[in-house]
Amino acid sequence: MVLSDLGRRINNAFNELQRTPTVDSASVDQLLKSVCSALLESDVNVKLVADLRTKVKAQVSAMLNDKSASNLSEAQRRAKVQKFVFDHLVQLVDPNYAENNAAAEAASSSDSKGGPSAAVPQPPHSSGPSDIFKPKKGKPNVIMFVGLQGSGKTTSCTKLALYYQKRGFKTGLVCADTFRAGAFDQLKQNASKANIPFYGSYTETDPVAISSAGVRSFKANRFEVIIVDTSGRHKQEKELFDEMREIDAAVEPDLTIMVLDASIGQAAEAQSRAFKEAAGYGAIIVTKLDGHAKGGGAISAVAATRTPIMFIGTGEHLTDLEPFRAQPFVSKLLGMGDISGLMDKVEEMQMNGGQERQREMLKKIEEGGTFTIRDWREQLSNIMSMGPLSKIAGMIPGMGAMLGGGGAGGENDEAAGSKMKRMIYITDSMTPEELDSDGSLFTAPIKSAADEGGEDEEGEEEDEKEKGKGDSRKALTTVQEMKKKKKKKAPVKVRMTGRARRVARGSGTSVREVEEFLMQYRMVAGMVKKMGGKAGWLKQMSGGA
Ligand code: GDP
């Protein structure tokens with residue numbers, strides 16, 4: 001089952017739980033049955049899945065028997081169950097999660113106030129590539145790649161070189177694969193495409209000599225990130241491992257990365273252990289997670305070896321390399337967004353051209369200012385220029401699910417592009433006052449009918465028409481509320497839909513889309529606020545890769 005399907009299946013199971021009137025062992029059993037069978041179909045190890053089931057069941061049963069928790073509402077219980085499952089899914093892809101986040105868990109379990117969002121823990125405590133390895137500016141940092149032929153090693157070398165180049169490092173590639181005919185040509189072609197200097201030889205047959213000479217030459221030219229691609233096959237496994245050790249001794253890498261193809265599923269564990277013994281690598285890149293049925297199995301199997309996954313490969317393009325962070329990964333998988341991934345993209349953008357506005361915005365947030373709708377609009381326009389949109393869209397909370405994908409590796413670029421364009425149109429129809437607000441203008445009680453520029457019964461009729469077109473349930477409720485409130489002379493929410501309706505009309509969208517836009521903006525703003533100040537993503541952004 002491809003990852004987006006896995007996410008969708010688990011999400012559906014959560015939604016089913018939302019629809020059950022009471023949280024009891026039967027409804028939780030049903031939830032776990034669906035979650036576990038989805039995981040098994042994704043080739044996750046049976047023992048790991050059984051372990052998840054047992055642990056969640058124990059937590060749920062403790063919650064149901066806990067007298068002090070008897071005053072929890074059903075919504076709060078549901079949120080807690082979701083959080084139990086969510087946390088165990090994160091542990092599947094990061095066994096250190098439980099230890100690292102004990103404090104965070106204690107805090108979140110005491111403020112679980114109900115509703116799905118309460119069930120979803122968010123960064124700032126996500127680790128990422130820079131926690132695993134942070135190249136030093138102004139110094140040579142040598143990275144050696146190992147892995148079997150066909151795993152995506154050469155492609156990943158170039159992807160990583162591009163990643164660091166975009167973050168302002170002077171980066172070069174060395175091809176030390178002399179075994180496979182055409183390896184140098186492939187690296188040369190990829191490197192040229194990405195405008196990355198490369199080193200290799202058509203005549204030299206000794207990989208140790210090439211790698212030493214390549215690294216020496218790049219060091220002499222003050223390169224900061226030097227990536228060495230090694231061979232992935234030999235006549236005998238022993239020869240391959242011997243060669244790896246010799247290259248290692250010659251170039252003395254600061255980091256050795258192993259590349260693993262997701263299609264091997266849970267066999268990744270054995271392969272990973274074999275390479276670990278031979279090459280002593282420090283981090284892993286799991287490739288081909290775009291659309292491989294065994295992706296969940298591969299990631300959880302690698303995680304079981306407790307070697308950090310640094311990146312995941314999500315496509316054949318050179319930009320299809322995503323930093324791996326367990327918690328945002330699961331969040332995105334379930335269609336709940338990945339703000340830290342989005343921030344990575346922003347960081348990349350900032351390094352490339354250093355947009356002044358971006359810096360101003362960060363400074364404002366650091367000083368406690370509001371992340372406004374205008375700020376969100378700018379982020380959206382920037383994101384749209386980054387592509388591929390289907391992948392980036394999955395990072396925006398709620399957007400992956402809206403596009404019909406579970407999040408990771410969403411398929412539909414066109415749909416994502418048009419969805420984002422419509423979001424921009426919505427902001428185009430907002431007044432400067434609305435753009436510079438935190439969105440509360442759309443929900444704040446408005447005292448005078450004149451405030452909204454004459455939204456009146458005519459507007460109500462339009463809402464009725466929209467009802468006919470099948471607009472959101474929320475919009476319908478609002479129409480009914482409007483009628484009720486009109487009778488009671490307490491027009492609290494009438495003005496809110498007035499604004500939303502005006503924006504919808506001006507932008508050629510629907511009230512539902514405007515409300516969805518505001519909902520997403522609020523989620524993003526809430527997360528930005530949480531991660532704001534000197535901590536979290538600001539630090540990430542100013543600290544380089
Ligand atoms: P190597 O032999 O390990 O160096 O593998 P290559 O880099 O030559 O990759 C083998 C094939 O896998 C190529 O066709 C790549 O385009 C493809 N590939 C590499 N990474 C990914 C990925 O993340 N997703 C997909 N779909 N294909 C990939």
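The model is predicted, so local features need pLDDT of at least 70 and side-chain atom pairs count only at pLDDT 80 or more, while totals for chains, interfaces and linings use all residues. Residues are numbered from 1 along each chain as its sequence is written.

**Overall make-up**

The protein chain has 26 helices and 8 strands; these are DSSP runs numbered from the N terminus, with helices (H or I) of at least four residues and strands (E) of at least two. Of its 545 residues, 49% are buried. A residue is buried if 20 or more other C-beta atoms lie within 10 Å of its own, exposed if 12 or fewer, and partly exposed in between, with C-beta atoms placed from the backbone. Two residues are in contact if their C-beta atoms, placed from the backbone, lie within 7 Å. Among contacts between residues at least 6 apart in sequence, 75% join residues at least 24 apart.

**Helix pairs**

Two packed helices are described by the angle between their axes and the distance between the axes. Axes are lines fitted to C-alpha atoms, for helices over the stretch in contact, and angles run from 0 to 180 degrees between N-to-C directions.

| Pair | Angle | Axis distance |
|---|---|---|
| Helix 1 (residues 3–19) and helix 2 (residues 25–41) | roughly 175 degrees | within 9 Å |
| Helix 10 (residues 207–220) and helix 11 (residues 237–251) | about 25 degrees | 9 Å |

Helix 1 is therefore roughly antiparallel to helix 2, whereas helix 10 and helix 11 are roughly parallel. Angles under 35 degrees count as roughly parallel, over 145 as roughly antiparallel, 65 to 115 as roughly perpendicular and the rest as oblique.

In the contact of helix 1 with helix 2 there are 7 nonpolar, 3 polar and 2 charged residues. Here Ala, Val, Leu, Ile, Met, Phe, Trp, Tyr, Cys and Pro count as nonpolar, Asp, Glu, Lys and Arg as charged, and the others, Gly among them, as polar. The contact of helix 10 with helix 11 has 6 nonpolar, 2 polar and 2 charged residues.

**Ligand shell**

The shell around the ligand holds 18 residues, of which Gly152, Lys153, Thr154, Thr155 and Gly313 come nearest; a residue is near a molecule if its C-beta atom, placed from the backbone, lies within 6 Å of it. No shell residue is nonpolar, 13 are polar and 5 are charged. Helix 8 (residues 153–166) gives the most to this shell, with 3 residues.

In helix 13 (residues 295–304), 9 of the 10 residues are buried, including Gly295, Ile299 and Val302.

Most residues other than glycine have a negative phi, and most peptide bonds are trans. Asp43 has a positive phi of about 70 degrees and lies in the loop between helix 2 and helix 3 (46–65). Asp43 counts as buried because 24 C-beta neighbours lie inside 10 Å. Arg222, in the loop between helix 10 and strand 4 (225–229), has a positive phi near 60 degrees. With 10 C-beta neighbours inside 10 Å, Arg222 counts as exposed.

Ala504 lies in helix 24 (residues 494–507) and is buried, with 25 other C-beta atoms within 10 Å. Leaving aside neighbours within four places in sequence, Ala504 is in contact with Thr509, Ser510, Val511, Glu513 and Val514.
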